[in-house]
Amino acid sequence: MADTTKGTTRRNFLKIAGTAVPGVVAVAAGGAAQAAPAEVDLASQVMQDTEHTRAYLESTRF
């Protein structure tokens with residue numbers, strides 16, 4: 001017997017809520033962890049990930 005009802009049912013809502021909560025927690029935990037800046041390559045001409053650039057980018061946040 002096929003489910004012919006359309007729209008969100010209580011069962012579907014609980015399925016979505018059960019999968020969404022762990023995803024939100026994973027995103028929140030991933031944002032807190034931050035890798036250490038890489039060593040500076042003096043021969044490179046591109047912007048590098050250093051303590052100075054991180055401090056600058058942090059100061060420009062709203």
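This is a predicted model: local features need pLDDT of at least 70, side-chain atom pairs count only at pLDDT 80 or more; totals for chains, interfaces and linings use all residues.

Modeller: Apart from its neighbours within four places in sequence, T50 is in contact with P37 and V40, where contact means heavy atoms within 4.5 Å. Residues are numbered from 1 along each chain as its sequence is written, and side-chain values use heavy atoms, with hydrogens and water left out.

Colleague: Which side chain has a polar atom 2.8 Å from the backbone nitrogen of T50?

Modeller: That is the side chain of T53; the criterion for a polar contact is a pair of N or O atoms within 3.5 Å, where within protein one must be able to donate a hydrogen and the other to accept it, and residues adjacent in sequence count only if both atoms are side-chain atoms. T53 is found in helix α2 and counts as buried at 14% relative accessibility. Not counting residues up to four places away in sequence, T53 touches M47 and Q48.

Colleague: And Q48, what else is Q48 in contact with?

Modeller: Leaving aside neighbours within four places, Q48 is in contact with E39, V40 and D41 as well as T53, and Q48 is placed in the loop between α1 and α2. Q48 and P37 are eleven residues apart in sequence, with their C-alpha atoms 8.8 Å apart in space.

Colleague: Changing topic, how many salt bridges are there?

Modeller: A search of the whole structure finds two, a salt bridge being a side-chain nitrogen of Lys or Arg within 4 Å of a carboxyl oxygen of Asp or Glu. One joins the side chains of D49 and R54, at 2.8 Å from N to O, and E58 forms one with R61, where the closest N and O atoms are 3.5 Å apart.

Colleague: How exposed are E58 and R61?

Modeller: E58 is partly exposed, with a relative accessible area of 49%, whereas R61 is exposed at 60%.

Colleague: Which residues make the nonpolar surface patch?

Modeller: M47, Y56 and L57 make a patch of about 370 Å². Patches are made of residues with over 30% relative accessible area and no salt bridge, like charges being joined within 9 Å and nonpolar side chains (Val, Leu, Ile, Met, Phe, Trp, Tyr) within 5 Å. M47 sits in the loop between α1 (10–32) and α2 (51–59) and is exposed, with a relative accessible area of 63%.

Colleague: What about the chain overall, how many helices and strands?

Modeller: The chain has two helices and zero strands, and of its 62 residues 5% count as buried. The chain exposes about 6,000 Å², of which carbon and sulfur atoms supply 63%; accessible areas come from the Shrake-Rupley method with a 1.4 Å probe, and for residues only the protein chains shown count as cover.

Technical notes. Buried means under 20% relative accessible area, exposed over 50%, partly exposed in between (1.4 Å probe, protein chains only). Helices (H or I, at least four residues) and strands (E, at least two) are DSSP runs, numbered from the N terminus.
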